[in-house]
Amino acid sequence: MTRITVVGGTGLIGRKVTALLRTAGHEVRAASPSTGVDLVTGAGVDDALAGSSVVIDVSKPRTYDPDEVWRHIDLATRTLVAAETRAGVLHHVALSAVGTERDPQPIPFYRAKAHGEAILRGSGVPFSIVRATQFFEFGAQIGAQARAAGTDDVRVADAEVQPIAGDDVAVQLAGLADEAPSGGASEIAGPEVMALADFVSRCLAAIGDDQPVIADPRALYFGAAIERDELLPGENARIAPTRLSDWLT
Ligand SMILES: NC(=O)c1ccc[n+]([C@@H]2O[C@H](COP(=O)([O-])OP(=O)(O)OC[C@H]3O[C@@H](n4cnc5c(N)ncnc54)[C@H](OP(=O)(O)O)[C@@H]3O)[C@@H](O)[C@H]2O)c1
């Protein structure tokens with residue numbers, strides 16, 4: 001049995017990872033503001049890590065405002081790796097996003113995630129980074145964001161995606177808790193490439209929203225103009241099994 005702290009353990013992926021690890025017999029702490037642990041203020045962080053040899057960080061800022069996201073990820077990552085160093089943590093598993101390594105990186109959220117990865121790499125804490133594509137659970141949120149851009153219809157970037165089930169991401173992260181740190185980054189994606197518009201439209205339809213979703217070359221993706229293949233993983237990505245159609249049903 002390993003003692004593991006899941007930072008962001010009350011979120012979408014965090015809840016799944018926590019459940020998998022507990023089922024596997026590990027002692028798991030779910031750390032987040034709702035359990036009294038805040039990486040930005042530092043509250044409760046040392047206590048949350050005490051005795052843990054593995055930390056899985058699946059935390060995420062509550063906003064997409066570029067300055068706030070940068071500030072959050074910068075502070076949160078520095079706070080976490082400093083506490084891990086004090087606690088003697090042996091493996092930090094970080095969840096990041098496919099595309100963060102591209103330079104220049106136009107998407108502000110991804111730039112901040114790349115900054116967090118760089119802090120981790122330079123921290124001296126042994127680590128593994130997993131970069132995932134868009135979660136199936138995120139499809140409707142992309143649609144909501146596109147609708148909030150001030151148009152009547154839903155217009156998304158004319159790009160392709162290879163989205164993945166949150167459950168498959170969680171399985172990969174939980175498995176890494178039992179492995180040695182890789183000291184590098186790996187990618188994970190779903191089994192199918194599809195148009196972003198198609199992905200969003202199918203996810204919206206599944207929650208009863210039949211608004212047409214249009215692929216618009218001028219539409220931004222979370223504040224940035226992107227290339228058609230910008231969100232796709234590289235050829236060495238691990239391919240997860242769950243298909244969107246199976247997840248939707
Ligand atoms: N969405 C995607 O398609 C996608 C793709 C690739 C990678 N990712 C990455 O996957 C990770 C997990 O995403 P998710 O959808 O599971 O996120 P989520 O459901 O929004 O959960 C975020 C978690 O972070 C916690 N948190 C917020 N502020 C915090 C703070 N100051 N200190 C500590 N914890 C804090 C939240 O705690 P509370 O519950 O207390 O608010 C929650 O547990 C993120 O790092 C994200 O960047 C996402």
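**Stop one: H1 against H6**

Select Leu12, Ile13, Lys16, Val17, Leu20 and Leu21 in H1, then Gly166, Asp167, Val169, Ala170, Val171, Leu173 and Ala174 in H6: these two sets meet. Contact here is C-beta atoms, placed from the backbone, within 7 Å; helices (H or I, at least four residues) and strands (E, at least two) are DSSP runs numbered from the N terminus. By class, this contact has 10 nonpolar, one polar and two charged residues (Ala, Val, Leu, Ile, Met, Phe, Trp, Tyr, Cys and Pro are nonpolar, Asp, Glu, Lys and Arg charged, the others, Gly among them, polar).

A word on the source: this is a predicted model, where local features need pLDDT of at least 70 and side-chain atom pairs count only at pLDDT 80 or more, while totals for chains, interfaces and linings use all residues. Residues are numbered from 1 along each chain as its sequence is written.

**Stop two: the ligand**

Now click the ligand, which 25 residues surround; the closest are Gly8, Gly11, Ser32, Ser34 and Phe138. To count, a residue needs its C-beta atom, placed from the backbone, within 6 Å. H1, from your first stop, gives the most to this shell, three residues. Strand E4 (91–97) supplies at least two. The shell has 14 nonpolar, eight polar and three charged residues.

**Stop three: H3 and H4**

Finish by selecting Pro66, Val69, Trp70, Ile73, Asp74, Thr77, Arg78 and Val81 in H3, which meet residues of H4 including Pro108, Phe109 and Ala112.
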